[in-house]
Amino acid sequence: MPLACHCRAPAVSSERRGGCIPVARAASVLPGVRRWHIVVCMGKLLLVLLAVFAVFLVVSVLISALHFLFIVALVAVVVVGALRLTSGVRRRRVRR
């Protein structure tokens, strides 16, 4: 009776304890559960966690880059505004 891979490890009932044992220990208790199956499930789980971490990293880098570009644009607007204001003052003084 092989067990299917799930997001969380399913428990297999143990008659002698009356409770549940984890799948990792089920390989030694039940003959139908193969240890390679558990290793494959854990590998898939690790790959999913790694993919989630990679997506989080990419989104975080994009947000940081957009924040940096926003700050650069804000500084450029302030500098251009200040230059326009000071150049207008110079022109008025020269004309008089």
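pLDDT is the predictor's confidence in each residue, from 0 to 100. This is a predicted model, in which local features need pLDDT of at least 70, side-chain atom pairs count only at pLDDT 80 or more, and totals for chains, interfaces and linings use all residues. Residues are numbered from 1 along each chain as its sequence is written, and side-chain values use heavy atoms, without hydrogens and water.

**View 1. Confidence along the protein.** Mean confidence is lowest in strand S1 (residues 12-14), at 49, and highest in H2, at 89. The protein averages a pLDDT of 76, and 54% of the residues score at least 70. Where pLDDT is low, the predicted coordinates should not be read in detail.

**View 2. Secondary structure.** The protein has two helices and two strands. Their order along the sequence is β-β-α-α. Helices (H or I, at least four residues) and strands (E, at least two) are DSSP runs, numbered from the N terminus.

**View 3. Ile71 in helix H2.** Ile71 lies in H2 (residues 35-95). Its relative accessible area is 36%, so Ile71 is partly exposed. Buried means under 20%, exposed over 50%, partly exposed in between (1.4 Å probe, protein chains only). Of the 96 residues of the protein, 11% count as buried.

**View 4. Surface.** The protein exposes about 8600 Å², with 71% supplied by carbon and sulfur atoms. Accessible areas come from the Shrake-Rupley method with a 1.4 Å probe; for residues, only the protein chains shown count as cover.
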